[in-house]
Amino acid sequence: MSEKNTIRHLNDNGDRVVWKTRKGGIFYLEDMNSAHLIKIYKSHLKRNYTMSVVDYVWEEILFRGLDSEFDLDS
């Protein structure tokens, strides 16, 4: 199994964490492309920062080493 398809995020119920779009799409975080993860985090951090799935998105960003895309000093 490739690293991209490895399950890394399980919620409190033991289910895989998914991102649900407004149009009803469902995506596993591990399968999403990096640019999409960054876009989700930047847009939802501003208005939905209490959503638990945003924490999982950040964990995936850290796992992929994409945190350099963010200004963490501000």
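Both β1 (18-20) and α1 (34-47) contribute at least two residues each to the lining of the largest pocket, where a pocket is an open set of points on a 1 Å grid over the protein atoms alone, at which a 1.4 Å probe fits and which has protein on both sides within 12 Å along at least five of seven lines, and where lining residues have an atom within 4 Å of a point. The model is predicted, with local features needing pLDDT of at least 70 and side-chain atom pairs counting only at pLDDT 80 or more, while totals for chains, interfaces and linings use all residues. Residues are numbered from 1 along each chain as its sequence is written, and side-chain values use heavy atoms, with hydrogens and water left out.

The largest contribution to this lining comes from α1, with six residues, and the lining includes Trp-19, Lys-20, His-36, Lys-39, Ile-40 and Arg-47. By class, the lining of the largest pocket holds two nonpolar, four polar and five charged residues, with Ala, Val, Leu, Ile, Met, Phe, Trp, Tyr, Cys and Pro taken as nonpolar, Asp, Glu, Lys and Arg as charged, and the others, Gly among them, as polar. The volume of the largest pocket is about 300 Å³, a volume being the space filled by probe spheres set on grid points that are joined across faces, edges and corners.

Along the sequence the elements follow the pattern β-β-α-α, helices (H or I, at least four residues) and strands (E, at least two) being DSSP runs numbered from the N terminus. Of the 74 residues in the protein, 27% are buried, meaning under 20% relative accessible area, with exposed meaning over 50% and partly exposed in between (1.4 Å probe, protein chains only).

Why does Leu-37 count as buried? Leu-37, which lies in helix α1, is classed as buried because its relative accessible area is 0%. Apart from residues up to four places away in sequence, Leu-37 touches Leu-29, Met-32, Val-57, Glu-60, Ile-61 and Arg-64, contact meaning heavy atoms within 4.5 Å. Leu-37 and Val-57 are 20 residues apart in sequence, and their C-alpha atoms are 6.6 Å apart in space.

Glu-60, in helix α2 (residues 52-64), is likewise buried, because its relative accessible area is 0%. Once neighbours within four places in sequence are set aside, Glu-60 is in contact with Arg-8, His-9, Leu-29, Glu-30 and Leu-37.
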